[in-house]
Amino acid sequence: MQYHYEALHMAALEVGISAEEWEWFVQGTSVKEIPRGTTLIRAGERVQHAYFCIQGCFRLYYTLPDGKDFNVAFTLEQDYATSYAAMVSGAESPYTIEALEESAVIVIPYDALLHFMEASHHWERFVRKAVERLYIRKEERERELLCLSALERYEAFLHKYPGLENRIPQYHIAAYIGISPVSLSRLLR
């Protein structure tokens, strides 16, 4: 089981987390297998956990009033999936997180994370670095949607998620770059 934690352990060592502090984390979290099609967080639910993807792929999406899905991000191996704002504020998640492949995650309860941060400045630094990464990605995504053409958004998708175009259906890519699947097919021709 310890091998599931390797990527996070390396990040923890970079910010000075001690062996004892690391053991708190391992004891306070769990590894969970997630079948394809499973929802981790559903829009409208309260968020009590963050998830670190060990294996697989997740999509984070809004369902629009007309019933169409709009993918805002994908989470792949060695990255986090949660609605951070909803988790911190106690609000309901505005979007859904769904497994697109057979996946595995480390489940990190928010209460445990708060405890770690209160007990150690190292954990505060660890969480801050993770949140900074999420914030940068969110800002880049906003710029893409507001400033780039459909072709440029597709190229940005390929750059941000190398190889993902071979792992997921094209309609998920279309829903990410904000065009219809038919328009994406035309764009790719």
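**Entry 1: His172**

Does His172 count as buried or exposed, and at what relative accessibility? I noted that the model is predicted, that local features need pLDDT of at least 70 and side-chain atom pairs pLDDT 80 or more, and that totals for chains, interfaces and linings use all residues. Residues are numbered from 1 along each chain as its sequence is written, and side-chain values use heavy atoms, with hydrogens and water left out.

I found His172 at 7% relative accessibility, so His172 counts as buried (buried is under 20% relative accessible area, exposed over 50%, partly exposed in between, with a 1.4 Å probe and protein chains only). His172 belongs to helix H7, residues 170–177 (helices are DSSP runs of H or I with at least four residues, strands are runs of E with at least two, and both are numbered from the N terminus). Setting aside neighbours within four places in sequence, I listed Arg59, Asn71, Phe74 and Leu100 as the contacts of His172 (contact means heavy atoms within 4.5 Å). Phe74 is 98 residues from His172 along the chain, yet their C-alpha atoms are separated by 9.8 Å.

**Entry 2: Helix H7**

Six of its eight residues are buried, so H7 is largely enclosed by the rest of the structure. The buried residues are His172, Ile173, Ala174, Ala175, Tyr176 and Ile177. Their cover includes strands S4 (58–63) and S5 (69–75), together with H5, H6 and helix H8 (181–188). Gly178 follows H7 and has a positive phi, near 85°.

**Entry 3: The nonpolar core**

Which residues touch the most other members of the largest nonpolar core? They are Trp22, Phe126 and Phe157, in a core of 57 residues (a nonpolar core is a set of buried Ala, Val, Leu, Ile, Met, Phe, Trp, Tyr and Cys residues joined through side-chain atoms within 4.5 Å). Beyond four places in sequence, Phe157 is in contact with Phe74, Leu164, Glu165, Ile168, Ile173, Tyr176 and Ile177.

**Entry 4: Helix pairs**

I looked up H5 (residues 121–147) against H6 (residues 150–160): the angle is about 155° and the axes are 9 Å apart (axes are lines fitted to C-alpha atoms, for helices over the stretch in contact, and angles run from 0 to 180 degrees between N-to-C directions). H5 and H6 are therefore roughly antiparallel (under 35 degrees is roughly parallel, over 145 roughly antiparallel, 65 to 115 roughly perpendicular, the rest oblique). The contact is made by Arg137, Glu140, Arg141, Glu144, Leu145 and Cys147 of H5 with Glu152, Arg153, Ala156 and Lys160 of H6. By class, I recorded three nonpolar, no polar and seven charged residues (Ala, Val, Leu, Ile, Met, Phe, Trp, Tyr, Cys and Pro are nonpolar, Asp, Glu, Lys and Arg charged, and the others, Gly among them, polar).

Helix H4 (residues 110–119) crosses H5 at roughly 125°, with axes that come within 5 Å. H4 and H5 are therefore oblique to each other. Leu113, Phe116 and Met117 of H4 meet Trp123, Glu124 and Val127 of H5. This contact holds five nonpolar, no polar and one charged residue.

**Entry 5: Gln78**

Where does Gln78 lie? I placed Gln78 in the loop between S5 and strand S6 (79–81). Gln78 is not a glycine, although its phi is positive, about 65°. Most residues other than glycine have a negative phi. At 51% relative accessibility, Gln78 counts as exposed.
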